[in-house]
Amino acid sequence: MSVLWVLGAGQLGAMLKQAGTPLGLDVRPVDIETTETLPLGKDDIVTAEREEWPETHATKQLSTHNNFVNLATFPQLADRLTQKQWLDRLGLATAPWFPVEIGTTARYTYETLGDRVLMKRRRGGYDGKGQYWLKQSEESEIPEDWKGFAIAEQAINFDEEVSLIGVRGKNGETHFYPLTLNLHINGILYASISPLQRLNTLQAKAELMLSKLMDALDYVGVMAMECFRVGDELLINELAPRVHNSGHWTQSGASIDQFENHVRAVSGLPLAPIEIKSQSMMVNLIGVDLDYEWLNIKGLEIYWYKKEVRPGRKVGHLNFSSNNDDLLQGALTKLDLPTPYNEAIDWLKINLPK
Ligand code: AMP
């Protein structure tokens, strides 16, 4: 039987393996630093849990395999410059932006994009890392080592942040989860809620946007589209050609979770319409220790990544799904987490249906 290799052995790889197990699939996440020679078979399939990777013994073996699904797409989306160019070409709305070149001045940036501008490094930025705010009021200048390596974006005064997780099969068939409402604090995802009835009016528009992109790339698997909602408009902030943190709630709230959908799609197995089982919320565990006392909270599911706990590091997540609104609200009053979780818990209490 063929093996599904996953480039990367972090939590996403582990959850892909977990999803493949009941289907009888042999899913093997690969640590990119391994010096092993991988027993790659001709009919094996390769996917990735990350959008970019350094050249190592392991990544060289995987990226030269004939069945690496979406191989050409990863570099296109991992570089924020080419990602934005794709979105512009397809007429998909984003924050106004331009590339930061060697000769770009802060003054030009303020004239073009306004007095608050967010620079993002083209590569490697995640969880709010690789960002640099330019503020005219503080006369900020562009550091030399950002010139040629970043894009500049207008600061968006968004109403809220939402994401759409979709899956596309080899035959072009697509399925989508309902939009997810996300809370980021300092650029890192703290909490998600889905579904939310008030977002239903944006669902069709969001699906069209992501379909256009997945079709243009002839993409196979799960893709995530993070957006700013500004009134009735959606501006795409970022795309991830992989399973995504804002889709973790699907593990408890949907008939098929994002990990199983990805595994099915890249393996060429049938996809099926997704049924939403219940109201879900997800809380990321960021720099906090595991506490098995949480298991006393009815309806709570722990996903612990077995990583060393460090400030700002995602070390796990909590899923809660229920059709009893009181149960979800009650769980929130019992969760005892340090600052800034008070902000996240209040946000969940306010935004969950009551
Ligand atoms: P990113 O690394 O692009 O996903 O950005 C992380 C977070 O920074 C987003 O989820 C937003 O909360 C914030 N952010 C990113 N881009 C902008 C922008 N153009 N204007 C305002 N906030 C932004």
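Asp-291 is found in the loop between strand S14 (279-286) and S15. The model described here is predicted. In it, Asp-291 has a relative accessible area of 30% and is therefore partly exposed. On the surface, Asp-291 gathers with Asp-289, Glu-293 and Asp-336 in a patch of negative charge.

## Gly-312

The loop between S15 and S16 holds Gly-312. Its relative accessibility is 42%, so Gly-312 counts as partly exposed. Leaving out residues up to four places away in sequence, Gly-312 touches Ile-188, Ile-286 and Gly-287.

Gly-312 can also be set against Leu-40: the two are 272 residues apart along the chain, and their C-alpha atoms are separated by 36 Å.

## Helix H1 and its cover

Helix H1 spans residues 11-20, and seven of these ten residues are buried, so the helix is largely enclosed by the rest of the structure. The buried residues are Gln-11, Leu-12, Gly-13, Met-15, Leu-16, Ala-19 and Gly-20.

The strands include S1 (3-7), S2 (26-30), S15 (300-304) and S16 (314-322). The helices include H7 (250-253) and H8 (258-266).

## Val-30 in strand S2

Strand S2, which is among the elements that cover the buried residues of H1, contains Val-30. With a relative accessible area of 5%, Val-30 falls under the 20% cut-off and is therefore buried.

Not counting residues up to four places away in sequence, Val-30 touches Trp-5, Val-6, Leu-7, Gly-8, Ala-9, Leu-38, Ala-58 and Leu-62. One of these contacts, Trp-5, is 25 residues from Val-30 along the chain, with a C-alpha separation of 7.0 Å.

## Thr-56

Thr-56 is placed in the loop between strand S3 (45-48) and helix H2 (57-63). Its relative accessible area is 13%, so Thr-56 is buried. Apart from residues up to four places away in sequence, Thr-56 touches Ile-32 and Glu-33.

## Met-209 in helix H6

Met-209 is located in helix H6. This residue is buried because its relative accessible area is 9%. If neighbours within four places in sequence are left aside, Met-209 is in contact with Leu-92, Met-225, Leu-234 and Ile-236.

Between Met-209 and Phe-149 there are 60 residues in sequence and 27 Å in space, taken C-alpha to C-alpha.

## Salt bridges

The count of salt bridges comes to 18. One of the pairs is Glu-238 with Arg-80, whose closest N and O atoms are 3.1 Å apart. Glu-238 counts as partly exposed because its relative accessibility is 22%, whereas Arg-80, at 12%, counts as buried.

Glu-153 forms a salt bridge with Lys-120, and the closest N and O atoms are 3.1 Å apart. Glu-153 lies in strand S7 (residues 150-154) and Lys-120 in strand S5 (residues 116-121), so the pair ties together parts that are 33 residues apart in sequence. Glu-153 has a relative accessibility of 2% and so counts as buried. Lys-120 is buried as well, with a relative accessible area of 3%.

## A further pair and a network

Another salt bridge joins Glu-233 to Lys-205, with the closest N and O atoms 3.8 Å apart. Here too the pair links distant parts of the chain: Glu-233 is in strand S13 and Lys-205 in helix H6 (residues 200-216), 28 residues apart. Glu-233 is partly exposed because its relative accessible area is 47%. Lys-205 counts as partly exposed at 31% relative accessibility.

Salt bridges also form a network, which links Asp-159, Glu-160, Arg-198 and Arg-229.

Technical notes:
Residues are numbered from 1 along each chain as its sequence is written. This is a predicted model: local features need pLDDT of at least 70, side-chain atom pairs count only at pLDDT 80 or more; totals for chains, interfaces and linings use all residues. Side-chain values use heavy atoms; hydrogens and water are left out. Helices (H or I, at least four residues) and strands (E, at least two) are DSSP runs, numbered from the N terminus. Buried means under 20% relative accessible area, exposed over 50%, partly exposed in between (1.4 Å probe, protein chains only). Contact means heavy atoms within 4.5 Å. Patches are made of residues with over 30% relative accessible area and no salt bridge: like charges are joined within 9 Å, nonpolar side chains (Val, Leu, Ile, Met, Phe, Trp, Tyr) within 5 Å. Accessible areas come from the Shrake-Rupley method with a 1.4 Å probe; for residues, only the protein chains shown count as cover. A salt bridge is a side-chain nitrogen of Lys or Arg within 4 Å of a carboxyl oxygen of Asp or Glu. Lys and Arg count as positive and Asp and Glu as negative; His and the chain ends are not counted. The place of a charge is taken as NZ of Lys, CZ of Arg, CG of Asp or CD of Glu.
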